[in-house]
Amino acid sequence: MIWKRKLRDETAEPIGSDQVDPDLSDTLPDNQTAPAPTVIDGTPGASGEVWRRAAAEPGPMLPRFMASAFDDVETDLANESARRRLALRDALGASQPVIARESFAGRREAMSALINAVEEQRVHVVIYGERGIGKTSLAHVFAETAREARYLVIYGSCGTAANFSDMFRSVCARVPRIYHNSVLPNSAEAEKGDTFEVMLPEGQYGARELADVMAGVVGTRVLVILDEYDRVVDVNFRREVAELIKNLSDRAARVQLIITGVALNLDELIGYAPSIRRNITGLPMRPMNSVEVKELLRLGERAAEIRYDAAALAMITQMAGGSPYLVRLLGHQAGLLAMNDNRSVVGDADARVAVERVIAEWQASLPRRVQANLARDEARVHWGLLVAAARAGSSADGWFTVDDVYAEMGGVHSPLAIERDLKLFVNTVDLLERREGPGDPHFRFGYPGVASLLMMSAAMARLAA
Ligand SMILES: Nc1ncnc2c1ncn2[C@@H]1O[C@H](COP(=O)(O)OP(=O)(O)O)[C@@H](O)[C@H]1O
Ligand SMILES: [Mg+2]
């Protein structure tokens, strides 16, 4: 496993705790990706060992051969192939968000909308969309861009146990006190290298006290990214964040929040403090289009010196349904298959096998309970409905209504029948959850990943037929 750990170490760890979505961890089995460990570690093989010992020997060196007899064409080829496999993994591995611009594909519209919201409108932003759609990656690459424009960007990942005071204490600890209007440039406080943290009350505090401190920012603009906001359980945290936005907006503070989560978080924030509606904007992350998918796969092509032919590209694009996570998973698998076969062109046969594998592994990674529910007769009978529901839910937050499913099914079933059947998967077979509230009832798949699995399986079935 050394090679694996090394890979992880080389990826700069962003601040915040758990970046990697446990549900989206790379599902590729080790044997698919483990190249010969000698190359990865840089551990010299037998020949290298000799060289190293020779170099360590004292005294003048006797003449030696230039190359080891081991360094023949075959090992060179093996090393070369291992290097390319590793390069492909680096380029298309799907277990980490993208943190650097070079590895970021497409998303120009989202990026410019985000920049515009921050720079022109000076509003707070909620970036929303389903898991794996690329919110965290966008946030990181945006942060890099904003830092170049001299914004002070603080990234924080929210965990289930996030606490308002603790979270913002660590945010404040990263804002130098010289940016506070109460501190003169060259004064003793400025010289001490303190941060905004020293101005916060001890213990627990609320949005108002925090805004008192943050309203003092001068000489820069501060952007606070709260990633994975939907994971926060504490209702108080969320209410305080709404209150904070209200206070910062009222006082025209030079601090803006960028929150990633689900659309519901946006409604909720506005629900807590209706007056912030005009100070906050929602940015939906849409599925990637085919041009963006191509651009993403291009990263793999360049790294591993391979090429996805038009048919492979089309299949990966279709199967991934706009999820960059799936594009990477499929692109990586298909690329490895071609490379195993010493081909540099990835064809649709590779893509097809990749899809089958990903579906199988995906299914196996679901909790047993979910797998059992998917295998039940009800699911088999209503497969078409479930697939339509999955498609209907591929909007930004996964929620869909009876009407959405009706539209997906081409209007062949009555809305009443659809509602009845959807409820079956809420009450009898536990695959969907239902949100009560004003307006139409909303449904959503209870376990993330089920919808993508359904859509991929359906697309595969169509292909086979
Ligand atoms: N624009 C992009 N270009 C390349 N890869 C991306 C892009 N956006 C997301 N990804 C990849 O997709 C996966 C999920 O992205 P992530 O940002 O973690 O999504 P989210 O935060 O919405 O769950 C990661 O493996 C990430 O590397
Ligand atoms: Mg994320």
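The legends below describe close-up views of a predicted model.

**View 1. Residues around ligand 1.** The shell around ligand 1 holds 21 residues, of which Gln-96, Gly-132, Thr-136, Ser-137 and Arg-328 come nearest. By class, this shell divides into ten nonpolar, six polar and five charged residues.

**View 2. Polar atoms of the protein beside oxygen atoms of ligand 1.** At Gln-96, a polar backbone atom is 2.8 Å from an oxygen atom of ligand 1. Gly-132 also places a backbone N or O atom beside the ligand, 2.7 Å from an oxygen atom. For Thr-136 the atom concerned is an N or O of the side chain, and its distance from an oxygen atom of ligand 1 is 2.8 Å.

**View 3. Cover of ligand 1 by the protein.** On its own, ligand 1 has 550 Å² of accessible area, and the protein covers 95% of this area. Two or more residues of the shell come from each of the helices α7 (135-148) and α15 (324-340).

**View 4. Crossing of helices α19 and α21.** Helix α19 spans residues 383-392 and helix α21 spans residues 415-427. Their axes come within 11 Å and cross at roughly 90 degrees, so the two helices are roughly perpendicular to each other.

**View 5. Side of contact between α19 and α21.** Helix α19 contributes Leu-385, Leu-386 and Ala-389 to the contact. From α21 come Ile-418, Asp-421, Leu-422 and Phe-425. Six of the residues in this contact are nonpolar, none is polar and one is charged.

Key
Residues numbered from 1 in each chain as written. Chains lettered and ligands numbered in written order. Predicted model: local features only at pLDDT ≥ 70, side-chain atom pairs only at ≥ 80, totals over all residues. Heavy atoms only, no water. Axes fitted to C-alpha atoms, helices over the stretch in contact; angles between N-to-C directions. Helix = DSSP H or I, 4+ residues; strand = E, 2+ residues; numbered from the N terminus. Parallel < 35°, antiparallel > 145°, perpendicular 65-115°, else oblique. Contact = heavy atoms within 4.5 Å. Nonpolar A, V, L, I, M, F, W, Y, C, P; charged D, E, K, R; others polar. Near = heavy atom within 4 Å. Polar contact = N/O pair within 3.5 Å; in protein donor to acceptor, adjacent residues only side chain to side chain. Areas by Shrake-Rupley, 256 points an atom, 1.4 Å probe, with all protein chains shown as cover.
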